[in-house]
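Please look over the sequence and the structure below. The report that follows covers packing, strand pairing and charged side chains.

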Amino acid sequence: MASSSTADAQDTSYVKMDKEADATLIGKHCQLEYCNQLDFLPFFCQSCKKTFCLDHRTETAHKCANAGAWAERRRQAQLMKPSAGEGKRMSDFVSQKPCAAADCKTVVGTSLVPGVHCASCNRDYCLKHRLKEEHDCKNKIPVGARPAQFDVAEQTRSAFAKLKAWGAAKREIAGRALPKAKPTSASARIVAVNNLKKTAKGDAKLPPEKRVYLYVEAEAETTTAKNYKGEFFYSKDWVIGRVLDAAARSLQIENINNQSSDERDKLRVFHVEGGRVLEFNEKVGSALVSGNTIVLLRGVGPPPDLIEL
């Protein structure tokens, strides 16, 4: 008996009979009356269960006595399969709440009226009051924000007072004669940088376009070298902390930043032109330019947090 595929796995009413699956199949005669052609690759009709040749394989061609039976079986089989959403129920995860505007009674978060969240005051509003001007956003305290313990003016005055006190204290503690900034005119800077490039030392493998040429100095009492200043170049992709380590090695300065938590023992990088202490994580390319001067100072500490919330 010739083998055939299952009905629900086919897209046509006929299937090609498999000669390899049935060793006894050496061809069959078409069962259409008046045809009877011997076909070595016959087709099996899944509706009337008869065998036909290529020309009469369709239900229409052989005027199938049970036309549509295979399609009905397939449809019934598909209906018996569970649907993708069977046994599941959609749930509404939208939180319904009244509009946060004082005189509005609209309920937002529904399928018809979506809520608009204001990131400034952390509230949800209807479409009418979604703009900041419409719900008086500037006069509202953000939901969840910690209440201010003093006004902005007092906070600003306190910040400036801290800054002045920090600057005065550092000048008094240091008592150090910091070097003056290099020439400020454009032509003088160009000449100074060109001369600096001829004498600066650094990694010869570093591409020229990546180099930042600097004057590096240190306090005489912090170094064991005879010369406490030098001219070096560093990569613009480095952070200030790495520059500090390299400069300390070059000038033979004891660097115990990774061993001590006391700020009095730590080295910091002071930018002469910028007039400030640089943070360890600042990029060289964003904080310094060729021709600048940096000084390694010990015990000056980082800039203070000016505003404490």
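Which residues are buried in α4? I240, G241, V243, L244, A246, A247 and A248 are buried there. Buried means under 20% relative accessible area, exposed over 50%, and partly exposed in between, with a 1.4 Å probe and protein chains only.

## Basis of the model

This is a predicted model, in which local features need pLDDT of at least 70, side-chain atom pairs count only at pLDDT 80 or more, and totals for chains, interfaces and linings use all residues. Residues are numbered from 1 along each chain as its sequence is written, and side-chain values use heavy atoms, with hydrogens and water left out.

## Helix α4 and its surroundings

Helices (H or I, at least four residues) and strands (E, at least two) are DSSP runs, numbered from the N terminus. The buried residues of α4 pack against several elements: β10, β11, β12 (267-271), β13 (276-278), α5 (284-287) and β14 (292-298). After α4 comes Q252, with a positive phi near 55 degrees.

## Strand β12

One of the packing partners of α4 is β12. In β12, 5 of the 5 residues are buried, so the strand is largely enclosed by the rest of the structure. In a regular strand the side chains alternate between the two faces of the sheet. In β12 both faces are covered. L267, V269 and H271 lie on one side, R268 and F270 on the other, and all are buried.

Two strands pair if DSSP finds at least two bridges between them. β12 pairs with β14 in the antiparallel sense, over 5 bridges. R268 has L297 of β14 as its bridge partner. β12 also pairs with β13, again antiparallel, over 3 bridges. Here H271 is partnered by R276 of β13. The two strands β12 and β13 form a hairpin with 4 residues between them. G275 sits in that turn, and its phi is positive, about 65 degrees.

## Salt bridges

Side chains of opposite charge can pair when their charged atoms come close. A salt bridge here is a side-chain nitrogen of Lys or Arg within 4 Å of a carboxyl oxygen of Asp or Glu. How many does a search of the whole structure find? It finds 5 salt bridges. Among them is K97 with D124, at 3.0 Å from N to O. This pair links distant parts of the chain: K97 is in strand β6 (residues 97-98) and D124 in strand β9 (residues 123-125), 27 residues apart. K97 is partly exposed, at 33% relative accessibility.

D237 and K210 form a salt bridge, with the closest N and O atoms 2.8 Å apart. D237 lies in the loop between β11 (229-235) and α4 (240-250), and K210 in the loop between α3 (186-199) and β10 (211-218), so the pair ties together parts that are 27 residues apart in sequence. D237 is partly exposed at 40%. K210 is partly exposed at 32%. R276 forms a salt bridge with E282, the closest N and O atoms being 2.8 Å apart. E282 is buried at 17% relative accessible area, whereas R276 is partly exposed at 35%.

D39 lies in strand β3 (residues 38-39). D39 is buried, yet it has no salt bridge. Which side chain of opposite charge is nearest to D39? It is R57, 8.5 Å away. For charge, Lys and Arg count as positive and Asp and Glu as negative; His and the chain ends are not counted.

The D39 side chain reaches the backbone nitrogen of L41 at 2.8 Å. Leaving aside neighbours within four places in sequence, D39 is in contact (heavy atoms within 4.5 Å) with G27, K28, C53 and L54.

Technical notes: A polar contact is a pair of N or O atoms within 3.5 Å; within protein, one must be able to donate a hydrogen and the other to accept it, and residues adjacent in sequence count only if both atoms are side-chain atoms.
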